[in-house]
Amino acid sequence: MRDCPEAVMLFAAGFGTRMKALTKDRPKPLIAVAGEPLIGHALALVSAYGPIRKVANLHYKPEPLAEYLEPRGVDVVVETPEILDTGGGLKNALPLLGPHPVFTLNTDAIWAGPNPLGLLAEAWDPTVMDALLICVPLARTVASVSTGDFDVGQEGRLARRGPWVYGGAQIIKTDRLGEITGQCFSLNLLWDLMLADGRLYGLSYPGKWCDVGHPEGIAAAEKMLGEPIV
């Protein structure tokens, strides 16, 4: 494991509009799956990986999220007045994350299988990679509405459009965020810079992964967690 991250960025600022009425009175990361808030499942992955700095960006209904996260050792950055999207949120949190490569972790997915953070750390090679993304084969996704985000090619290099879904976990270098103007932007802009240089890589996830960005994903994730891992 070379130059592995010392910090993780937890994306928790979104409005959760696909959750419909469930996010009327709470932010999406606090919706429970199998008795634990979604963001609690993400924090369990981080704790199982090891002691690293934890940072979360907040925007929609930030107060209850901050009350949940701060006692658990998570530094929070409240995006105000505007939400900054994933790329802008990561850039905004750099003073807390530091200059080194970081993990980023979406908080609306449930994993069944090996810890994705550990897999990323084992495969990370900063001499050839600017980012390494966990990608889930479509056959191993549960409740996903995606038709695929990437193709994983020779030696793991990524290309757009293919039968792998981005699982929401990655290691990424942040130095090129300064090349992107504006405050609000998607991580896709940073990935595009890396794609152009052939330095965006993917790692196929061997377990199962459930999208809990919509109400049907809750029951699907709970069912998946109750099944044996094959």
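Of the 230 residues of the chain, 53% count as buried, where buried means under 20% relative accessible area, exposed means over 50%, and partly exposed covers what lies in between (1.4 Å probe, protein chains only). The model is a predicted one, in which local features need pLDDT of at least 70, side-chain atom pairs count only at pLDDT 80 or more, and totals for chains, interfaces and linings use all residues. Residues are numbered from 1 along each chain as its sequence is written, and side-chain values use heavy atoms, with hydrogens and water left out.

The chain's secondary structure comes to seven helices and 14 strands; these are DSSP runs numbered from the N terminus, with helices (H or I) of at least four residues and strands (E) of at least two. The radius of gyration is 16 Å, close to the 17 Å that the globule rule gives for 230 residues, so the chain is as compact as a globular protein of that length. That radius is taken over C-alpha atoms, and the rule is 2.2 Å times the number of residues to the power 0.38. Along the principal axes, the C-alpha atoms fill a box of roughly 45 × 40 × 30 Å. Ile-52 sits in the loop between helix 1 (38–49) and strand 4 (53–58) and, at 12% relative accessibility, counts as buried.

Next come the charged pairs. The structure holds 10 salt bridges, each being a side-chain nitrogen of Lys or Arg within 4 Å of a carboxyl oxygen of Asp or Glu. In one of them, Asp-211 meets Arg-18 at 3.5 Å, N to O. This pair links distant parts of the chain, 193 residues apart: Asp-211 belongs to strand 14 (residues 208–211), and Arg-18 to the loop between strand 1 (7–11) and strand 2 (32–33). Asp-211 is buried, at 7% relative accessible area, while Arg-18 is partly exposed at 37%.

Another salt bridge joins Arg-199 to Asp-130, with the closest N and O atoms 2.9 Å apart. Arg-199 lies in the loop between helix 6 (187–196) and strand 13 (200–204) and Asp-130 in the loop between helix 5 (116–123) and strand 8 (131–137), so the pair ties together parts that are 69 residues apart in sequence. Asp-130 is buried, with a relative accessible area of 9%.

Asp-192 and Arg-160 also form a salt bridge, their closest N and O atoms being 2.9 Å apart. Asp-192 is partly exposed at 36%, and Arg-160 is partly exposed at 28%. Salt bridges with shared partners also join Asp-130, Lys-173 and Arg-199 into one network.

Most residues other than glycine have a negative phi, and most peptide bonds are trans. Thr-80 and Pro-81, however, are joined by a cis peptide bond, with omega about 0°, and Pro-81 lies in the loop between strand 5 (74–78) and helix 3 (85–92). Ala-143, which is not a glycine, has a positive phi of about 60°; its place is the loop between strand 9 (141–142) and strand 10 (150–152), and it is partly exposed at 28%. Arg-161 likewise has a positive phi, near 65°. This residue lies in the loop between strand 11 and strand 12 (164–172) and counts as exposed at 71%.
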